[in-house]
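Hi everyone, thanks for coming. Let's have the sequence and the model up on the screen, and then I'll walk you through a few spots.

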Amino acid sequence: MKKAFVENFLAGSYSLLLHLVLVVLLVIGLESTSTPELASDPSVEIVQATVLDENLVEREMAKLEEREKQEREAEQERQLKLEEKLEQTQEELARQEREYLDMQERAELDKKQREKEAEAERQRIKELEKQRELEEQKRLEAEKQRQLEEQRRQEAEAERKRIEEQKRQAELERQRIEEQKQKAEAERQRIEEEKRKAEAERQRIEEEKRKAEQERKRLEEEKRKAEEEAKRRAEEERQRAEAEAKRKAEEAAKRKAEAERQAAEDALQRQLEQEQQERDARRVQGVVDQYSIMIKQRVKRYWIRPSNSESGLQVTLRVTLLPGGDVKSVSIVKSSGNPVFDRSAESAVYKAAPLPQPSDPKAAEALRDFQFIFKPE
Amino acid sequence: MLRQWFKLVALLIALVPWPAQAVLTIEITGGSEAALPIAIVPFGVEGYAPPEDISEIISNDLASSGRFAPLDKQDLISQPHEGQQVNFQDWRLLRSEGLLIGKVSSQDGQNFQVQFQLFDVYKAEQLVGKRYNVPASGLRSLAHQIADVVYETLTGEKGVFSTRLAFVTEMKNADGSKRYALQVSDADGANPRTVLQSTQPIMSPNWAPDGERLAYVSFENAKSEVYVQELSSGRRNSVASFRGLNSAPAWSPDGKKLALTLSKNGNPEIYVLELASGNLSRVTHNSGAIDTEAVWMPNGREILFTSDRGGRPQIYRVDADGGRAERVTFEGSYNASADISPDGKTMAMVHAVNGKFHIAIQDLQTGAVQVLTDTTADESPSFAPNGRMILYATEQKGRGVLAAVSVDGRIKQRLGESGSAVREPAWSPFRR
């Protein structure tokens, strides 16, 4: 009996609590729809600045505006979604209410038997409990009310901070854009400057090139001129040298011809002289030969050689004669080694004197100085 | 370029005067071996006249050698006796090979001073000159010495004019008996001195190499004996008196031995006697023949001898120690009495031609024989010590005389003038 009682009691509490929650949710949902503070206009301040690249800025501005528009639309969408969500929640609640009511009705039908049995008792406890629960409920509701307020306050504060942050971000973004713009401007200017410098450099190089080309042409010209001059001079020199060589060659040829003529003349003269000399020499030689034989015969006749002369003995004498054939001198050119043999030869020459002498002076001259060789056989 | 060179060379050749062609040379071959004309001027005399005509002796000596032809005295242009008196040109005209002048002077007629000078008249230079002091008895000998000097100066060979001859003379006494003498004369046959006399035959004198001794055969004891006699002292002794024949002694070149012919064993054989010991060794052994007339070869190892072992006398050669003899002569049927030249190359011998005995020489190397004499009874040839002459004995009017012939046969002469028959001459060696 007691157990049934507890179970009834718990089921009753649970139902009660569920009702309470539904009530509270209904209250909160009504409050939030009534105060839509979120839709604040984001006012974007456009900074006036000297626009160098109108298009770029305009593009940037358009971008910004587009972004803001998108943000606004997103915010509106979000609000719509929130409202939808609220409606969904209310519908859910209504559905849960209906389910709960169905379930309650079924439970009421079961319980009505038992409750009627313990009605009296439970009625009394319930009265007591109801008193206390009411008190507790009031206290909890107060507490809940306070927590809800605190939550709303925190949420508002967060919302404010978020907006501020958004503003700050927008300002930063603006500054950033501005900075970007400046940077872009500076970059443009830098590029412009670089372009200018590059142009100047190009022009300078161009100028230098031009000058170098000029110099080259000048040098080429000079070189050409110098070469022409050298060529001209070389040609002159060559011609002069040729002329000189020709002159010299002609002179040499002349001299050579003269020399050859002279040589030929001389040769002829010499030949004639030589022939004459040869004729003379032959004649003289003939006379000399003839007188040599006569001299030989005569000296031989006077030569008394030592009777025991060895056959190997031989003495060579040099004899000079006086004109007329007398002996001027006799000297031993090469001794036989045997003094008696040598002396016999010397004596033979002396004894044979005067030696036959030709009347021809040249032949006589040839026979004035000659040699004898004496040998036994 | 090359052509220019040729031209240049040709020009140079043309310009260079040819050196007087290689000196003309005339070759004289042959010549003659005629006697050398020499002018011998009679020596001048100062003081006592010498008993000998020195220049005449010299002239004869030189002429006898056959190597000199002294000019006739009447051809002498002048009579210089000293060098400074000589006009060489005069003598050149006479074409004499030499000029000999000199003079003899004596204060007492006993001692004489002799000087001579030999000149080459063409070079006008003195070849030799000497001065001597001799007693009168030495004048002839001195003359021969001077002749030797002249001879040697002009021929290059030693003269033999101072050498001597030994020979045997035979004289008949009035009663018909004979007298024999061993004589020694000058080389010209003059001035003979008797060293031994005997009534019995003396034979085969032979000079010892020292020229101081003679060996000979004497029959003085009625038998043949071999004696050795010293000339200066006359001392003599018998060295071989064996039974039978003791003959034909021949001195060995060293003078220590005699080769002899002995028949002590029946048949005449050649023996060698050693003089100092008297040892006798037999050289030949041929009982059927006569072996005799030994002569030593100059080498002292071989002996030449005559033998009729072949039937007729021929000359053989045998070792002095004995052994087999070999025949040396083949030309003619009679060859005997050999002598050998000092150089050992030429052998002289008696060579019979048609029964006539001549002196001939045979070249021992070639075997060629040359007859030197035209006399008909020649015997005992003996070489002069210089080998230029051969002394021999021959017959003149049936009487033996001395003669000499040059080895070339050109000079033949009689030597000496004695009244006795001369036989078996021997020419001495050079004086030592």
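Helices (H or I, at least four residues) and strands (E, at least two) are DSSP runs, numbered from the N terminus.

Quick word on the source: this is a predicted model, where local features need pLDDT of at least 70, side-chain atom pairs count only at pLDDT 80 or more, and totals for chains, interfaces and linings use all residues. Residues are numbered from 1 along each chain as its sequence is written, while chains are lettered from A and ligands numbered from 1 in the order in which they are written.

Buried means 20 or more other C-beta atoms within 10 Å of a residue's own, exposed means 12 or fewer, and partly exposed is in between. Just after this helix, B:Gly66 has a positive phi of about 80°.

Now, B:Ala124 isn't a glycine, yet its phi is positive, near 55°. B:Ala124 sits in the loop between β6 (111-120) and β7 (125-135) of chain B, and is partly exposed because it has 14 C-beta neighbours inside 10 Å.

Last one: the peptide bond from A:Ala353 to A:Pro354 is cis, with omega near -5°.
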